[in-house]
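Have the sequence and the model open as you read.

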Amino acid sequence: MEPGRRRQRPMERADGLRPQLSVVREMAAAAGPPELSSAVSRCVRPHNIVPRLQQGRYTGHGPTRVSQIPDSLLRERDKIAKWNGIPHLVQKLYENSQPNNDDLLLCQGILKEIAPLLSMEAMAFVTEDGKGAQESKFPNTHIFDIFGGVDLLVEILMRPTLAPQKKKQKMSEDLIKDCLSILYNTCICTDGVTKRLSERNDFVLFLFTLMTNKKTFLQTATLIEDILGVKKEMIQLEDIPNLTNLVASFDQQQLANFCRILSVTISELDTGNDDKHTLLAKNAEQKKAAGPSRAEINQVTLLNIPGFIERLCKLATRKVSETAGTSNFLQELEEWYTWLDNALVLDALMHMATEETDQSSSTESADESVLAASQLRSRLPQSMKIMHEIMYKVEVLYVLCVLLMGRQRNQVHKMLAEFCLIPGLNNLFDKLIWRKHSNNHVLHGQNQICDCSPEISLKIQFLRLLQSFSDHHENKYLLLNSQELNELSLISLRANIPEVEAVVNTDRSLICDGKKGLLTRLLQVMKKEPVESSFRFWQARAVESFLRGVTSYADQMFLLKRGLLEHILFCIIDSECKSRDVLQSYFDLLGELMKFNIDAFRRFNKYVNTEEKFQIFLNQINSSLVDSNMLVRCIVLSLDRFESQTDAVKVAEVISQCCLLSYMSHVENQLSFLFRLINIIQVQTLTQENVSCLNTSLVILMLARRKGKLPFYLNALRGKELSEKYPGFLLNNFHNLLRFWQEHYLNKDKDSTCLENSSCIHFSYWKETVSLLLHPDQTAPCAIISYIDKAYMSVDKDFSED
């Protein structure tokens, strides 16, 4: 899933210990007859207790649990190994937790002895960021697990679900909390425990039932989140008992924390293998998959929960009360974040400060209890309260963003509009979302794990949400206010072009209120963003998504009037930006802003008014064609559109006055781009990022076909091959790429509207051109095969081969 999320602990070791998990079957039995114990004591010497336990769990031969080892032997070995009495405590816990023992208070007392020994190690792990964690470094948690403590706690927690209805033991909330806390601390410090627990589907689903209790909610949610983070196979939300009632029982704070768990269940699993990110691998995976993925099924399950989306919208747009003493908010926030990496920890502090005192269980008087709670609340800095809200909003915005990118996108869109998400975020923009600039952060790509502060994470998630919300959807006009919508209508009227239908149909009761809409506010902070800020990447992506879809002259002019083109050119040329990610986002945005717009090209020429500036601009384009190819496509398409207009004199004037159009009007420059675009990609290396290079090269050839020049371009490619002394290489590669294009884009589930919208060329023309280029007749003038010498021909090779 993903940047702006949260810190992740290192994955569990592949060779981590894997004790057998049939806990109930192993632990429910008695320790065995005396002769077994004596036999065990004879074969288990003090120095090999741990190896024998490990072997017993792997093979089933020998001792498999601490109850099978004499207490005297444990105590003897404990003195030597300094186990701090943990094996003995686990043994006592086992004896007092058996089904025939009705007094669980003794268990709770034993856990109170064990808990401090493990929590100290967990705190050390967190403060040291888990660097170099080894079993020897955290012996208490390791010993606790080796002697069966983890399995025993699972059994204790789950026993009420296994006992007959009449004999069920009522477990106290404190006992449940202690069990969960110890399990969590062991998971943090001991490799393999989290993964082992994740393989117990019955236990994972059982944990969700503990979330109904407010007093055990935080510990349960924290443990579930960690377990799901390493679980190999995603759980299905519909398997959770009474999910609808469970969600309905949550208050707003609990629902926000629940979003941390949901984020793992609705995002497609990232395998971490680069090969899986290639389109070739993705297509192969899709062929194997029968039906929707678990993540997609889980998204549907969530959308079917009554009131779920409405509650998320309320959480996302809830305001935060502020006081005068928040001037040091960002500094305090960063200080808190040095040790608070989990919203649940912060929530625990907030809960302590705000929960009502249970007078029946308190030893204090009512007045003393109220006074104590009041003092605790007053000690909480205001910045912590704001941070609390920020961390919640990060989780909620992430879940909404994932749902917006799913198959039920239109349904989600309708709900978000209906529940006024966009105007609500607009009202929060200045006071919470974009309060100040933060420079101490690094850029993260779309799917990278982020170790960002909550403030940075909120901004990134907010921008990602705007990008997903606007992308190819008519609801994007909800980002404007009434006055700005009127401005769009006026632009169309003055240009004597039809008004955009989506603008006319926008429900004005759902748009932004106030003096500025959300898009305008975003443009303002974008122009003020420091040169080195990586927020530029996300800001440009969000604004670009507003322009995606069918090209709208009114949308372009709305942004051009606000100086967006000049700002982008300043960043590309004058600041000489070095970040590839930021450059790519600006090139893409520039392409959408200028496409088919003569006024935009005039503005470009006015800004790029010297040869030196133009050369810097070209150098930036040529430095990475993968990043800039969408802009190259825009220029080629716009040039073709202008040349096809009836007023030849006006066209010639525009082209001659614009250095960019004039440069691209030379066929040799187009051929140079075409050669490089085909040369930098292969079928085996195609990804979602660079497949646009293939489509841009196709656009150039489709426009050449319209003019009857396709054979000329193909022959020029052949000549370029020969001059580079690589005969056949380029055209064979292009032939393979186009075969893959057919398999990829002619898939019945593939949406081709993006290609149509970006080029204004009907998809049928795309298909026809590819078919012509792949024609098997070696005498066909538009077939690639006609331009490859027989000695160098390898077009029949399976393009999936290396």
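## A helix crossing

The axes of helix α25 (residues 482-494) and helix α29 (residues 553-560) come within 9 Å and cross at roughly 115°. Axes here are lines fitted to C-alpha atoms over the stretch in contact, with angles from 0 to 180 degrees between N-to-C directions. Helices are DSSP runs (H or I, at least four residues), numbered from the N terminus. From α25, the contact uses Glu484, Glu487, Leu488, Ile491 and Ser492. From α29 come Tyr553, Ala554, Asp555, Met557 and Phe558. Contact means heavy atoms within 4.5 Å. By class, the contact has six nonpolar, one polar and three charged residues. Ala, Val, Leu, Ile, Met, Phe, Trp, Tyr, Cys and Pro count as nonpolar, Asp, Glu, Lys and Arg as charged, and the others, Gly among them, as polar.

## Basis of the model

The model is predicted: local features need pLDDT of at least 70, side-chain atom pairs count only at pLDDT 80 or more, and totals for chains, interfaces and linings use all residues. Residues are numbered from 1 along each chain as its sequence is written, and side-chain values use heavy atoms, leaving out hydrogens and water.

## Aromatic pairs

The structure holds 18 aromatic pairs. Rings of Phe, Tyr and Trp (its six-membered ring) pair if their centres lie within 6.5 Å; planes under 30 degrees apart count as stacked, over 60 as edge-to-face and the rest as tilted. Phe208 and Phe258 have ring centres 6.5 Å apart and planes at 90°, so the pair is edge-to-face. Phe208 lies in helix α11 (residues 201-209) and Phe258 in helix α14 (residues 252-266), so the pair ties together parts 50 residues apart in sequence. Phe208 is buried, at 1% relative accessible area. Phe258 is buried too, at 0%. Buried means under 20% relative accessible area (1.4 Å probe, protein chains only).

How are the rings of Tyr477 and Phe546 arranged? Their centres are 5.7 Å apart and their planes lie at 80°, so this pair is edge-to-face. Tyr477 sits in the loop between α24 (454-470) and α25, and Phe546 in helix α28 (residues 535-547). Both Tyr477 and Phe546 are buried.

## Charges over rings

The charged end of Arg641 sits over the ring of Phe596, 3.8 Å from its centre. Arg706 lies over the face of Tyr765, at 5.7 Å from the ring centre. The test is NZ of Lys or CZ of Arg within 6 Å of the ring centre and within 35 degrees of the ring normal.

## A buried serine

Ser697 is in helix α38 (residues 691-706). At 1% relative accessibility, Ser697 counts as buried. Not counting residues up to four places away in sequence, Ser697 touches Leu674, Leu677, Ile678 and Phe734.

Technical notes
Helices (H or I, at least four residues) and strands (E, at least two) are DSSP runs, numbered from the N terminus. Buried means under 20% relative accessible area, exposed over 50%, partly exposed in between (1.4 Å probe, protein chains only).
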